[in-house]
Amino acid sequence: MVLLFLWIGVDAQMLPGIIKDRSSNIKLEDVSVSNQNTGASAQTDKEGAFKIAASLNQILIFYKPGYKPDTLLITDMKPMIRYFIIENKLLNTVEIKGEA
């Protein structure tokens, strides 16, 4: 008797997207995009565009210094547009007094 095992794997597809600044609508360059499930990563180009290997129900993490980090659960493989919000970290006022 011969047993035949068949593995049906879910292959990742290339998921495209664009990252923009929410307030100015400017496309953002150098945004890091990583797939939390597989470790795959990508970075946006001058046009804010990226492509990353991903599958349904995986989580993408988006990061750019100066902006709030973002995460996304992939529910479809359609091209996406994500809008980044500037992270305002205001410092307390410092008063400097000097003697002449």
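Helices (H or I, at least four residues) and strands (E, at least two) are taken here as DSSP runs, numbered from the N terminus. The model is a predicted one, in which local features need pLDDT of at least 70 and side-chain atom pairs count only at pLDDT 80 or more, whereas totals for chains, interfaces and linings use all residues. Residues are numbered from 1 along each chain as its sequence is written, and side-chain values rest on heavy atoms, with hydrogens and water left out.

Strands of a sheet pair through backbone hydrogen bonds, either parallel or antiparallel. Here, 3 strands in the order β4-β1-β7 make up an open sheet with mixed pairing, where two strands are said to pair if DSSP finds at least two bridges between them. The edge positions belong to β4 (49-54) and β7 (80-84), each of which has a single partner strand, so one side of each is left without a neighbour in the sheet. From one strand to the next the twist averages 35°, with axes fitted as lines to C-alpha atoms (for helices over the stretch in contact) and angles running from 0 to 180 degrees between N-to-C directions.

Strand β1 (residues 13-21) pairs with β7 in the parallel sense, over 5 bridges, and within β7 the bridge partner of G17 is M80, while Y83 of β7 stands opposite K20.

M80, which has its place in strand β7, is counted as buried because its relative accessible area is 12%; buried means under 20% relative accessible area, exposed over 50%, and partly exposed in between, with a 1.4 Å probe and protein chains only. Leaving aside neighbours within four places in sequence, M80 is in contact with L15, P16, G17, I18, F50, L60, F62 and L72, contact being defined as heavy atoms within 4.5 Å. M80 and I19 are 61 residues apart in sequence, yet their C-alpha atoms are 8.5 Å apart in space.

R82 also lies in strand β7, and, not counting residues up to four places away in sequence, R82 touches I18, I19, K20, F62, D70, T71 and L72. Side chains of opposite charge can pair when their charged atoms come close. A salt bridge is a side-chain nitrogen of Lys or Arg within 4 Å of a carboxyl oxygen of Asp or Glu, and by this rule the count comes to 2 salt bridges.

One of them joins the side chains of D70 and R82, at 2.8 Å from N to O. D70 lies in strand β6 (residues 70-73) and R82 in strand β7, so the pair ties together parts that are 12 residues apart in sequence. Both D70 and R82 are buried.

In the other salt bridge, K27 pairs with E47, and the closest N and O atoms are 3.9 Å apart. Since K27 belongs to the loop between β1 and β2 (32-35) and E47 to the loop between β3 (41-43) and β4, this pair ties together parts that are 20 residues apart in sequence. K27 is partly exposed, with a relative accessible area of 36%, and E47 likewise counts as partly exposed, at 47% relative accessibility.
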